[in-house]
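Please open the model in your viewer and keep the selection tool at hand. The tour below goes from one selection to the next.

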Amino acid sequence: MKYDFHIHSCLSPCGSDDMTPANIAGMSFLAGLGAIAVCDHNSCLNIEAAAKACAQYGVKYLCGMELCTSEDIHVLCYFKDVQSAMDFSYHIEENTLKFPNQPQHYGNQNIMDETDNILGTVDHLLISGCNYSVYEIADIVHCMGGVCYYAHIDKPSYSVISVLGTIPEDVYFDGVEIHDLSKRQSLIDAGYITADTPYISDSDAHQLELIGDRECEMDETHPLYEFIMR
């Protein structure tokens with residue numbers, strides 16, 4: 001099954017205004033994706049709309065968020081259902097310092113329904129770090145029934161390797177995201193991950209044309225498969 005588990009909607013200030021739930025679902029279908037996840041920055045307010053839009057196209061939906069820790073490390077958090085993801089989203093909102101968004105500088109943060117009507121906006125900037133460190137967030141996610149993957153560990157910014165210089169051994173994460181899979185072997189050779197480390201590779205799409213550009217597939221042996229086929 002082809003997948004893309006890191007897509008930003010128009011709720012993320014860095015996401016295009018065209019990244020609406022219905023547009024994302026339609027583009028995912030056209031790209032031949034069997035399952036997707038919308039992972040907006042520090043919020044899940046568009047996941048229910050995206051899940052409903054995907055259902056219209058027969059595309060499986062994984063509830064997710066791209067969390068920014070207090071160290072500015074990006075983490076992908078996934079949950080089995082909308083309610084669990086929303087409970088986590090509200091918890092993160094309550095534990096994040098809020099700075100006013102400036103749409104003219106950062107972009108709009110639109111809350112949508114499944115037919116792409118704008119229901120409202122988020123006034124505080126969603127790309128700010130929350131109050132939790134990378135050492136704390138894994139326990140919180142796991143206690144709320146989710147799993148967490150280090151986001152784009154091969155990128156030079158906002159990744160655990162770029163910030164800490166390593167992947168901590170004293171905190172449990174369920175896997176890693178590697179944006180460019182050609183770098184996987186070099187990450188293994190450098191000792192950051194092992195050949196057995198669960199991994200995904202996603203578009204991190206902020207524009208519609210980038211959805212599904214990683215051309216990645218998974219089967220029932222992947223740890224995330226049970227989350228998709230719930």
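The structure as a whole holds 0 disulfides, a disulfide being a pair of cysteine sulfur atoms within 2.5 Å. Select Cys-44 next: Cys-44 is in no disulfide either, and the nearest cysteine sulfur, that of Cys-63, is 7.5 Å away.

This is a predicted model, in which local features need pLDDT of at least 70 and side-chain atom pairs count only at pLDDT 80 or more, while totals for chains, interfaces and linings use all residues. Residues are numbered from 1 along each chain as its sequence is written, and side-chain values use heavy atoms, with hydrogens and water left out.

Stay with the two cysteines and colour by accessibility. Cys-14 counts as partly exposed because its relative accessibility is 35%, whereas Cys-44, at 0%, counts as buried (buried is under 20% relative accessible area, exposed over 50%, partly exposed in between, with a 1.4 Å probe and protein chains only).

Now move to Glu-177, which lies in strand β9, residues 175-177 (strands are DSSP runs of E, at least two residues, numbered from the N terminus). Glu-177 is buried yet has no salt bridge, the nearest side chain of opposite charge being Lys-155 at 6.7 Å (a salt bridge needs a side-chain nitrogen of Lys or Arg within 4 Å of a carboxyl oxygen of Asp or Glu). Show His-6 and His-152 as well: the side chain of Glu-177 reaches the backbone nitrogen of His-152 at 2.7 Å, and the side chains of Glu-177 and His-6 are joined at 3.0 Å.

Note on methods
Helix = DSSP H or I, 4+ residues; strand = E, 2+ residues; numbered from the N terminus. Lys, Arg positive; Asp, Glu negative; His and termini not counted. Polar contact = N/O pair within 3.5 Å; in protein donor to acceptor, adjacent residues only side chain to side chain.
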